[in-house]
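Please keep the sequence and the coordinates at hand while reading.

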Amino acid sequence: MLKIHHLGHSQSERIVWLCEELGIPYDLQHYTRDAVTRLSPPELVALHPLGAAPVIEDGELMLAESAAVVEYIIVKHGGGRLKPGPEHADYASFLYWFHFSNGNLQPVVGRLMMASRAKLAPDHPVLASAQSRLDRVLALVETRLGEAPFLAGSEFTAADIMSVFSLTTMRLFQPLDLAAYPNIRAYLQRIGERPAYRRAMAKGDPDLVPMLG
């Protein structure tokens, strides 16, 4: 059975959600962030040099990095579900949006978070640049979700699992005002109606009300 090392309020929620969507049994090991630093506890750091989550164990294998873990589980245990194949009309869109999450969306939210924590003046070029980039990224997501119900197209895929964290739980660390993005907000409401998402969040982060609006 898979073992998921899950840090509360982190990208490892993606892995819990994926397993719920695929109906894959797993053992969930919870870890809590340090109350002051909000970083991983020593027990999780001991598993991986970066102290990052998720980390999974599958027999003798230990694997980190959420995108790698998602792909591994889909191929190894999920029968290829939630990942359109090359013959699918949405294959290229899936690849783009799957990698967009950690290539653009999550990094730019992180950059804005760090710039904000540095208490830079509102007109500081670093802060302004991060905000401008985030605005463009969110505008792109908004446009896409006006074209299709899910990021890859008509079907829910792992691209959605990869992206939702940055639009929801990440807002605990860097607030995002989504008032100007009705398509994103409607999308998050659709995600919130998925039974697997509800189960995953209840199991992984029972203290958290998902930020779906």
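A search of the whole structure, which is a predicted model, finds seven aromatic pairs. Rings of Phe, Tyr and Trp (its six-membered ring) count as a pair if their centres lie within 6.5 Å; planes under 30 degrees apart are stacked, those over 60 are edge-to-face, and the rest are tilted. One of these pairs joins Trp 17 and Phe 156, with 5.7 Å from centre to centre and 45° between the planes, and is thus classed as tilted. Trp 17 belongs to helix α1 (residues 13-22), whereas Phe 156 sits in the loop between α5 (125-147) and α6 (158-167), so the pair ties together parts that are 139 residues apart in sequence. Helices here are DSSP runs of H or I with at least four residues, strands are runs of E with at least two, and both are numbered from the N terminus.

Both partners can be described by their relative accessible area, for which buried means under 20%, exposed over 50%, and partly exposed in between (1.4 Å probe, protein chains only). Trp 17 is buried at 1%, and Phe 156 is buried at 10%. Tyr 96 and Trp 97 form an edge-to-face pair, with 5.0 Å between the centres and 90° between the planes. Here Tyr 96 is partly exposed, with a relative accessible area of 42%, while Trp 97 is buried at 6%. Trp 17 and Phe 156 also belong to one aromatic cluster with Phe 150 and Tyr 197.

From the N terminus, the order of the elements is β-α-β-α-β-β-α-α-α-α-α-α. The radius of gyration is 17 Å, close to the 17 Å that the globule rule gives for 213 residues, so the chain is as compact as a globular protein of that length. That radius is taken over C-alpha atoms, and the rule is 2.2 Å times the number of residues to the power 0.38. Along its principal axes the C-alpha trace spans about 50 × 45 × 25 Å.

Of the 213 residues, 49% are buried. Among contacts (heavy atoms within 4.5 Å) with a separation of 6 or more, 67% link residues 24 or more positions apart.

Residues are numbered from 1 along each chain as its sequence is written. Local features need pLDDT of at least 70 and side-chain atom pairs count only at pLDDT 80 or more, while totals for chains, interfaces and linings use all residues, and side-chain values use heavy atoms, leaving out hydrogens and water.
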